[in-house]
Amino acid sequence: GARGGVYMERPTKGRGSGRAASNAQQQRRRDLVFHAKMAEQAQRYWEMVEALREIVALGTELNSEERNLLSLAYKHHIEQRRASWKTIVRIEGCEQLKSCRERNEVYLNQITKYRERLEAEMSEMCNEILALLDSHILPNNKSKESIVFYYKMKGDYYRQLADIGSEEARGRARDNSLQCYKEAQSTANELPPAHPVRLGLALNFAVFCDEILKQPDVARNMAKDAFADAIAGLDTLDDDSKKDSTLIMQLIRDRLSFGNGRG
C-alpha cells in the first residue's frame with residue numbers, strides 16, 4: 001500500500017515479510033540520504049529537497065544527519081531564488097529613482113511583475129517546508145533538541161516571508177516568526193547553554209529582532225547573553241558539538257555590532 005506518498009509493502013502474516021519490508025525501507029532511506037549528499041555536492045538543491053521529502057514521508061523520526069540535510073536542502077533551494085529576487089529589487093529601485101522623463105514605464109511594469117513572480121515562488125517554497133514541519137516532522141520528533149531545531153526552522157521561514165508580499169502578509173509572517181522563535185526558546189532553555197542547536201536559535205532570533213523587528217539593541221543583548229552563557233559550557237561538549245558551537249559563537253560575536261553604523 002501507499003502511506004505518505006511512499007510505497008510500502010503490504011504486511012502479511014508472519015514475521016519474515018515484516019522484517020523484509022523494514023529492511024527494504026531502511027535501505028531505501030540510506031539510498032535517499034546518499035542521493036541528497038550527491039545532490040548537495042552538485043548544487044542541485046531541488047533534488048536534495050525531493051530526496052528529503054521522501055525520507056520525511058516515511059513517517060519516522062529524522063536522525064541528526066537527516067535533520068541537517070533537510071535544513072540545508074531548503075535553505076540552499078530558497079537562497080538561490082532569494083538571490084535572484086534581491087537583484088530584481090535593486091533593478092526595480094534604480095528604475096523607480098529615475099525622473100519621469102527618463103523612466104520607462106513599460107520596463108518598470110515588466111520588472112515589477114518579474115519581482116512578484118519570484119516572490120510567489122519563494123512564498124510557495126517557504127509554505128511547503130512550513131506545512132511539512134507541521135504535518136509530518138514535528139509530530140514525529142519529540143526530543144527537546146528536535147523541538148528547538150524545528151521551531152527555529154519555522155521561525156526562519158516565516159522570517160523569509162516577512163520580507164516579501166503585501167504589508168498585511170508581511171505582518172502575519174512577522175508575528176508567526178516571533179511566536180515560533182519564542183516557542184523554540186522556551187524549550188532551548190532546557191538545553192545546555194553551549195549546545196549548538198540552542199546557540200543557532202539565539203543567532204537567528206537575534207537576526208530576526210534586528211532585521212525584521214528593527215530592534216538592534218534587543219538583538220545585541222540577546223547575542224551577547226548567549227555568547228557569555230556558552231563560554232563556560234564549551235568544555236562539557238564532545239568534539240563535534242564543540243566545533244559546531246565554536247563556529248556559531250564566532251557568528252554571534254560578529255553580530256554583537258547589531259545596528260552600529262546605521263543611518
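**Charged pairs and helices**

Reply: In this predicted model, E121 and R117 form a salt bridge in which the closest N and O atoms lie 3.5 Å apart.

Me: Is E95, which meets K98 in a salt bridge, buried or exposed?

Reply: The side chains of E95 and K98 come to 3.1 Å, N to O, and K98 is partly exposed, with a relative accessible area of 35%. Because buried means under 20% relative accessible area, the 9% relative accessibility of E95 makes this residue buried.

Me: How many residues apart are K37 and E65?

Reply: The side chains of K37 and E65 meet in a salt bridge at 2.4 Å, N to O. This pair links distant parts of the chain, with K37 in helix α1 (residues 15-41) and E65 in helix α3 (residues 64-97), and their separation is 28 residues.

Me: How many of the 16 residues of α7 are buried?

Reply: Helix α7 (residues 196-211) reaches 22 Å from its first C-alpha to its last, close to the 22 Å expected at 1.5 Å a residue. The helix is largely enclosed by the rest of the structure, because the number of its 16 residues that are buried is 15.

Methods: Residues numbered from 1 in each chain as written. Predicted model: local features only at pLDDT ≥ 70, side-chain atom pairs only at ≥ 80, totals over all residues. Heavy atoms only, no water. Helix = DSSP H or I, 4+ residues; strand = E, 2+ residues; numbered from the N terminus. Expected span 1.5 Å × (residues − 1). Buried < 20%, exposed > 50% of the residue type's maximum accessible area, 1.4 Å probe, protein only. Salt bridge = Lys/Arg side-chain N within 4 Å of Asp/Glu carboxyl O.
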